[in-house]
Amino acid sequence: MHFEDEVIATAVLDRLLHHSTIINIRGKSYRLREKQKSGMIRLDTSKIIDENAQN
């Protein structure tokens with residue numbers, strides 16, 4: 001689903017997430033790790049920036 005209007009997108013998300021619990025999961029997914037192990041994909045780690053190093 002794609003919304004061109006930011007207000008409509010915000011309203012839709014507000015309706016969907018009103019009674020939900022949001023869980024923020026950090027780190028690599030199992031699928032991503034398995035694809036890296038098998039050589040299907042390769043991440044460019046030179047673009048990864050440590051957020052703590054910037055402060």
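This is a predicted model: local features need pLDDT of at least 70, side-chain atom pairs count only at pLDDT 80 or more; totals for chains, interfaces and linings use all residues.
## A loop residue and its patch

Isoleucine 22 sits in the loop that links helix H1 (6-17) to helix H2 (30-38); helices here are DSSP runs of H or I with at least four residues, strands are E runs of at least two, and both are numbered from the N terminus. With 66% relative accessibility, isoleucine 22 counts as exposed, a label that needs over 50% relative accessible area, while buried means under 20% and partly exposed lies in between (1.4 Å probe, protein chains only).

Together with Leu13, Leu16 and Leu17, Ile22 forms a nonpolar patch on the surface, and the four share about 430 Å² of accessible area. Patch members have over 30% relative accessible area and no salt bridge; nonpolar side chains (Val, Leu, Ile, Met, Phe, Trp, Tyr) are joined within 5 Å and like charges within 9 Å.

Residues are numbered from 1 along each chain as its sequence is written, and side-chain values use heavy atoms, leaving out hydrogens and water.

The mean pLDDT (the predictor's confidence in each residue, from 0 to 100) of the protein chain is 79, and 75% of its residues reach 70 or more.

## Overall layout

The protein chain has three helices and zero strands, running α-α-α from the N terminus. Of its 55 residues, 0% count as buried. The chain exposes about 6,100 Å², with carbon and sulfur atoms supplying 53% of that area (Shrake-Rupley method, 1.4 Å probe; for residues, only the protein chains shown count as cover).

## Helix details

Aspartate 5 caps the N-terminal end of H1, placing a side-chain oxygen 3.2 Å from the backbone nitrogen of valine 7.

Glutamate 34 is partly exposed at 46%, whereas lysine 37 counts as exposed at 66%.

Methods: A salt bridge is a side-chain nitrogen of Lys or Arg within 4 Å of a carboxyl oxygen of Asp or Glu. A polar contact is a pair of N or O atoms within 3.5 Å; within protein, one must be able to donate a hydrogen and the other to accept it, and residues adjacent in sequence count only if both atoms are side-chain atoms.
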